[in-house]
Structures are given as structure tokens and as C-alpha cells.
Amino acid sequence: MSYETLLVETRGAVTLVTLNRPQALNALNSGVLDDLIAAFAAYEADDSQRCAVLTGSGDKAFAAGADIKEMADKPAADFYLEDFFSKWTSDFVKKVRKPWIAAVNGFALGGGCELAMMADFIIASDKAKFGQPEIKLGVAPGMGGSQRLTRAIGKAKAMEMCLTGRMMDAAEAERSGLVARVVEHESLVDEAVKTATTIASMPPMAAMVNKDMVNAAFETTLDQGLIYERRLFQILAATEDKAEGMAAFIEKREGVWKGR
Ligand code: HXC
């Protein structure tokens, strides 16, 4: 399937999705959102695909934010009546249960930073820059930035970034816990696909459960989270892949996964 705003290819069991509006620094208009929902739904439905990577085309940007030109003349009532940006949560983040990585290759600003933070984790190029500059436009984060950035890097830095609109470079982002790893710009996609291939080689249901458990830490108390973790662990204990994984370890061979 082809998309107006995305390039999608598969590399083995890894789906590589590239935001493809380089002339607008991959700004996120409603076409991008619809395409992303469709591309990730296709990834989710394809049993041969076990991890995805999202990156940006061009050398400069992952995504420079929500499309300012699309928002500039939009009446305030329309933002409210359309519940603008709600699809990011309802049709995108929550419906993607399989793992995916954001490979941030340049500017990740505003909605671009927020999109990267929707990923399970971020791998950044050494040229990446993160920021929530919405305040300079007279607005504020609208796709989760105030919440996810604060959870990722803490109140002091998140507040400073939202109130000043300053950008954070890749090294500071790694120090602050926003990104899992920084790699050389030229090898970003290869490194992200390599990491995704490792994830794709794991028992797929266990990968989904591990993702689910970690995400639960953001939604629950510690006690509730620990119970949730234990119950999911107990469910995995009943899978064929658990029997295979433990047998393979004892027999000193690689496991062969059924995904159930
Ligand atoms: C639409 C954008 C854009 C954006 C860049 N472009 N960002 N178009 N929406 N978010 C377009 C420019 O208009 C320009 O098009 C082309 O991309 C290249 O951009 P330049 O500005 O010429 O590049 P450069 O000088 O290198 O500066 C790069 C930049 C700057 C620092 C990233 O583009 C920038 O500040 N962009 C806006 C970043 C931002 O404010 N993001 C937050 C958006 S609001 P033309 O046609 O002129 O060549 C948001 C929050 C949503 O995301 C929630 C609100 C409720």
C-alpha cells in the first residue's frame, strides 16, 4: 500500500515508516495522521512484522511539529468540535500494541517531539534536537508533550523547555532520559533497524506483554502496577513460547516461537 505522506518498507520482520514531507520538515498535517494510523494498523495486523521504526525523510528533521499552516486559520471552535489531536491517543497510541521505535534524525519539535515520545523508546542521531516551542506561537503542547515530557525528564527540565521553547540537543536528551541511545547521524536508521530486529527476534507475545507492563507504570500506583505485572507474568507462563524458551535454554539451542 502506498501513502501520500509516508514511505513504508519492510526489512525482514521490521517495518520501516518514514515521514515524507521533507519540504515542510515533515510537519504533521491531518494527512500524516491519517496515513500513520493506516500504516501502523497494517503493521499491527501483519503477523510477519514484529517491530517498527519511525523516522523522518531528509537530513534535517524528524518532524518540526504540527503543521502551523494548517492550524493558522482554523477557528477555535473547530479545534474543540473536532476534538483536534484526540486521534493521536485514541486511534494511534493505544491501538499499536506491538513494539515500535522512533529514530529521531533531526528536529523533533512540538508535535514532532510528542510523536517521538509516543514510541516505546527513542534512538536519536547526534544531530537530533528536541523541543516544545509551542509557547512562541501563543499555544502549548497539544499531543501529550506536557505530560510525556514531564514523565520522561522531570518537572524542572520539562517546565523550562515548555516555558522558554528552547531546544535540547541529543547529548542532553540522553542525559535527561528522553532517549535510550544516541548514535552517529549516518548510521541512525541502520542502528534503529538493528535494534528493532533484535526485538523482532523475541517471542512476540512476550514483547507485547513487556511493552504493556512498562506502560502500566505511567497509569497506576506501584501496588496496582505490581499486581498487573504479576498477572501478566502468570499469563505468559501458560504460553507455548514460555515452554519453548525454557526448553531451548536448557537444551542450549535457539528458541522457535509460535507467538502464543
Ligand atoms: C508547517 C513548517 C513547520 C511547521 C517548518 N515548516 N516547520 N511548516 N508547520 N511546524 C516549513 C517552513 O515554513 C518552510 O517552508 C520549510 O518548512 C523549512 O523551514 P525553515 O523554517 O525555512 O527551516 P530552518 O530555517 O532551517 O528552521 C528550522 C526550524 C523552523 C527551526 C525547525 O522551521 C521552525 O521553527 N519550525 C517551527 C517549529 C515549531 O514551532 N513547531 C511547533 C508547531 S506547533 P517554506 O514553504 O517557507 O520553505 C505544534 C503543537 C501542536 O506542534 C499543538 C497545538 C495546540
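Q: Where does Asp83 lie?
A: In this predicted model, Asp83 sits in the loop that joins α3 (76-81) to α4 (86-93).

Q: What is the phi of Asp83?
A: The phi of Asp83 is positive, at about 50 degrees, although Asp83 is not a glycine.

Q: What about Asn26, what is its phi?
A: Asn26 has a phi near 60 degrees, which is again a positive value in a residue other than glycine. Asn26 belongs to the loop between β2 (14-19) and α1 (30-45).

Q: And is Asn26 buried or exposed?
A: Asn26 counts as buried, because its relative accessibility is 1%.

Q: Let us turn to the helices. At what angle do α1 and α4 cross?
A: The axes of α1 and α4 cross at roughly 15 degrees and come within 10 Å.

Q: What does that make them, parallel or perpendicular?
A: The two helices, α1 and α4, are roughly parallel to each other, because angles under 35 degrees are placed in that class. The crossing of α1 past α4 is right-handed.

Q: Which residues make that contact?
A: From α1 the contact uses Leu33, Asp34, Leu36, Ile37 and Phe40, and from α4 it uses Lys87, Trp88, Asp91 and Phe92. By class, the contact of α1 with α4 has 6 nonpolar and 3 charged residues, with no polar ones.

Q: How do α5 and α6 pack, at what angle?
A: Helix α5 (residues 111-118) packs against helix α6 (residues 145-153) at an angle of about 60 degrees, and their axes are 10 Å apart. The pair α5 and α6 is therefore oblique.

Q: Is that crossing left-handed or right-handed?
A: The crossing of α5 and α6 is left-handed.

Q: Which residues meet there?
A: Glu114, Met117 and Met118 of α5 meet Gly145, Arg148 and Leu149 of α6. The residues of this contact between α5 and α6 divide into 3 nonpolar, 1 polar and 2 charged.

Q: Staying with α6, which of its residues are buried?
A: Gly145, Leu149 and Ile153 are buried in α6. Seen down the axis of α6, its buried residues fall within an arc of 20 degrees, so they line one face of the helix.

Q: What covers them?
A: The cover over the buried residues of α6 includes α5, α7 (155-164) and β9 (168-169).

Q: Now Arg166. Where is Arg166 found?
A: Arg166 is in the loop between α7 and β9. With a relative accessible area of 24%, Arg166 is partly exposed.

Q: What does Arg166 touch?
A: Not counting residues up to four places away in sequence, Arg166 touches Phe130, Gly131, Lys157, Glu160, Met161 and Glu172. Phe130 and Arg166 are 36 residues apart along the chain, while their C-alpha atoms are separated by 8.5 Å.

Q: How far apart in space are Ala140 and Trp100?
A: They are 26 Å apart, C-alpha to C-alpha, and 40 residues apart in sequence. Ala140 lies in the loop between β8 (129-131) and α6, and with a relative accessible area of 48% Ala140 is partly exposed.

Q: In which strand is Leu16?
A: Leu16 is in strand β2. Leu16 counts as buried, at 3% relative accessibility.

Q: Which residues is Leu16 in contact with?
A: Apart from neighbours within four places in sequence, Leu16 is in contact with Leu7, Val8, Glu9, Arg11, Val53, Thr55 and Val189. The C-alpha atoms of Leu16 and Met246 are separated by 31 Å, and these two residues are 230 residues apart along the chain.

Q: Why is Glu244 called buried?
A: Glu244 is called buried because its relative accessible area is 17%, and buried means under 20%.

Note on methods: Residues are numbered from 1 along each chain as its sequence is written. This is a predicted model: local features need pLDDT of at least 70, side-chain atom pairs count only at pLDDT 80 or more; totals for chains, interfaces and linings use all residues. Side-chain values use heavy atoms; hydrogens and water are left out. Axes are lines fitted to C-alpha atoms, for helices over the stretch in contact, and angles run from 0 to 180 degrees between N-to-C directions. Helices (H or I, at least four residues) and strands (E, at least two) are DSSP runs, numbered from the N terminus. Angles under 35 degrees count as roughly parallel, over 145 as roughly antiparallel, 65 to 115 as roughly perpendicular and the rest as oblique. A crossing is left-handed if the near helix is turned anticlockwise from the far one by less than a right angle, and right-handed if clockwise. Contact means heavy atoms within 4.5 Å. Ala, Val, Leu, Ile, Met, Phe, Trp, Tyr, Cys and Pro count as nonpolar, Asp, Glu, Lys and Arg as charged, and the others, Gly among them, as polar. Buried means under 20% relative accessible area, exposed over 50%, partly exposed in between (1.4 Å probe, protein chains only). The arc is that of the directions from the helix axis to the C-beta atoms.
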